[in-house]
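Okay, everyone, here is my part for today. Let me put the structure up and we'll go through a few contacts together.

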Amino acid sequence: MIKNIIINGLYSNNAIFKQMLGLCPTLAVTTSAVNALGMGLATTAVLTGSNLVISLIAGYIPKNVRIPAYIVVIACFVTIIDQMMKANFYSLHKVLGIFIPLIVVNCIVLGRAEAFASKNNPLYSLVDGISVGIGFTIALFILGSFREIVGAGTFFNISVMLSSYNPLLIAVMPPGAFLFLGFLFAGKQFIDSRMKGEK
Amino acid sequence: MKSFFKSVFTITIITVLAGAMLALSYSLTKNKIAYQERQEILNAFTSILPYHNNEPDKEYEIINNQKVFIAKDNGTITGYAVNIINTQGYGGAISILTGTDSQGVISGVAVIYHSETPGLGDKITNKSFLDLFKGFAVNDKIAVKKDGGTIEQFSGATVSPRAVAAGVRDSLIVINGMIGK
Amino acid sequence: MKQLMNVTFAPHIRSSMDTFKIMFFVIISLLPAVIISIVNYGLYALTLYAVCIVSAVFLEHIFCKIQGRKSTINDLSAVLTGLLLALTLPPDLPLWAAFIGVFFAIIVGKMVFGGIGQNPFNPALTGRMVLLISFPALMTSFQKPLYSNIDALSGATMLGNAKTDLSAYGIINHINIDYHQLLISAGGSLGEISPLALIIGGLFLMYKRIISWHIPVSFTGTVFVFTFILNSIDYNITISPYSHIISGGLLLGAFFMATDYSTSPMYWTGKIIFGIGCGVLTVCIRVYGGYPEGTGFAILIMNAFTPILDKFFRPKVFGDRDEELF
């Protein structure tokens, strides 16, 4: 069971590549590897916390007020993460800015709460939160590194291309987010279909 | 009716607990956040001004309707800074912070805010470009090469460097007014 | 490839025109402009054309092979896309940048949507805009044409200069348009070299009934009227309407890109609205936007409206009842 949850979260039911949830932060903050990693880990922290707490309290919440209750729990975690980041990683928080509070309405978080945590025991929910979060982080990180290397010629702010490299600026601009996410989806489909042995 | 009260009761408990959590987290991080925000402002001054140990944004005089921030080292004036907004940029206003030593010679320039074209005009935030302004004083000709000066404009963009040069020129005039007083 | 021609409304009368012939005539009509640009910019311009065309055909062929489909390079559409893209590039653009442009034009602009006739946006312009956004410095520095009679402008087009002047001095240095500039313009992209050659090519296409007059006329007409009004209000808002018509990619765009079959409306009312939209957007971007030239952006934006224009404005078939639009 736990193995299944992990595989589902990381790959076969990946939030970005398979469910296409949470695309707003995916498109907006993946201009560099650092930003993508920061956003991914912040979401993972929220997801883990909210999944655990919700699976603990789900049994006591009347059905008709469960969504408001979940949102309060999620918002509470997001605000705590927001304050922690601002206190300890000020420059990263400045870049991610508005997108941290917006994790509240990230459909992955509420989606996991409603679809998984409210129906499963705390251990499974905790594992699910971590693995879905890591899966999300990996997807963001791939896109962020890809865009940063192509669009700025750097990786974690360290120059990785020849000095004569002329960055393809569109990659770090908003249209590039859509283009490169499309390339990644196409790449994933290509790999999947090859793995199934289809032509 | 019973289920109604149960719902209200549950939500109330959850929100109260969440509120308590937030209050705790706020009190733990409050001082650190305030410190970081303060540091952010001071860092901008540190990067463009000579050594100082006061807080320049709290010590200023008004010259020509412009705030002139004064940097001091144990009470001795070491430099001045002026924040000027030049509206001649390609994409609109550019906010420029210019710092000088106590004689009015530029010790550093920073671009605080701009909306220039990505890849062209936004190179005005490059350190290598801003460092070109170091060492100039009010009587020097501060202009891009196209206008007969010495500041290297970058290929494809003249307007943005020209706007920065104009902003720096204006700042020096203000600072000079301060020194002459 | 016959289905491209069949996307008209009834009655379905076949003409002898097929995709190959249409593409062939469009290429022929562009040749005067191509030749004049090679004369002015020398051998490197020829290399640029060659690289764009060859890599366009090559990429389309490779992509078809990867997809396991029949190669579609024989209909000349890839050749035309490569040629049109080359015409929108500055004459001294490095070849690697041209190749990136072709990649985005052919693969992202055309093939991922299913090839010719399926693409919602003009492929050549898609390629150009990716280049413009990615390499603004390379894409906006132009060398002076060999036989141009304007000395005042070096390294910038009339539109670019107007913007720079306006921001620096608040006035515009108006340049009189004479006949020489109709033949050889003040410079810019390869395809901006000769307004006259483009007009002749466009008229040839209209004569051959490959394009209709609606889009070019409403497009350039709107630009003329709009800039005329702006100029009447204040002489220093923008350059003269005549300069607007002959500068930038306006003529190239209006005759050869806005009229692209798969990305422009089919019926004449839709075409006219499409042209007016292009014109208004072009002037807005040129006068108030961040980039000096807006024709490409304007056409791409209006491309997005093509499906809805086709839905609103279509001829009523005899006996047809009104149906719900959406």
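So, chain A against chain C: nine residues of chain A are in contact with twelve of chain C, where contact means heavy atoms within 4.5 Å. Before I go on: this is a predicted model, so local features need pLDDT of at least 70 and side-chain atom pairs count only at pLDDT 80 or more, while totals for chains, interfaces and linings use all residues. Residues are numbered from 1 along each chain as its sequence is written, chains are lettered from A and ligands numbered from 1 in the order in which they are written, and side-chain values use heavy atoms, with hydrogens and water left out.

On the chain A side, A:N166, A:L168 and A:I170 supply 46% of the area that chain A buries against chain C, more than any other three residues.

One involves A:D128 and A:R112, whose closest N and O atoms are 2.9 Å apart. This pair links distant parts of the chain, with A:D128 in helix α7 (residues 122–152) of chain A and A:R112 in helix α6 (residues 107–117) of chain A, 16 residues apart. Helices here are DSSP runs (H or I, at least four residues), numbered from the N terminus.

Staying with α7(A): its axis and that of helix α3 (residues 33–57) of chain A come within 8 Å and cross at roughly 165°. Axes are lines fitted to C-alpha atoms over the stretch in contact, with angles from 0 to 180 degrees between N-to-C directions. So α3(A) is roughly antiparallel to α7(A), the label for angles over 145 degrees, whereas under 35 counts as roughly parallel.

Now chain C. Helix α9 (residues 195–207) of chain C packs with helix α12 (residues 250–257) of chain C at about 15°, axes 10 Å apart, and therefore α9(C) is roughly parallel to α12(C). Among the residues meeting there are C:L198 and C:L205 from α9(C), and C:F255 and C:F256 from α12(C).

Conventions:
Helices (H or I, at least four residues) and strands (E, at least two) are DSSP runs, numbered from the N terminus. Angles under 35 degrees count as roughly parallel, over 145 as roughly antiparallel, 65 to 115 as roughly perpendicular and the rest as oblique. Buried area is the accessible area (1.4 Å probe) that two parts lose on being put together, summed over both. A salt bridge is a side-chain nitrogen of Lys or Arg within 4 Å of a carboxyl oxygen of Asp or Glu.
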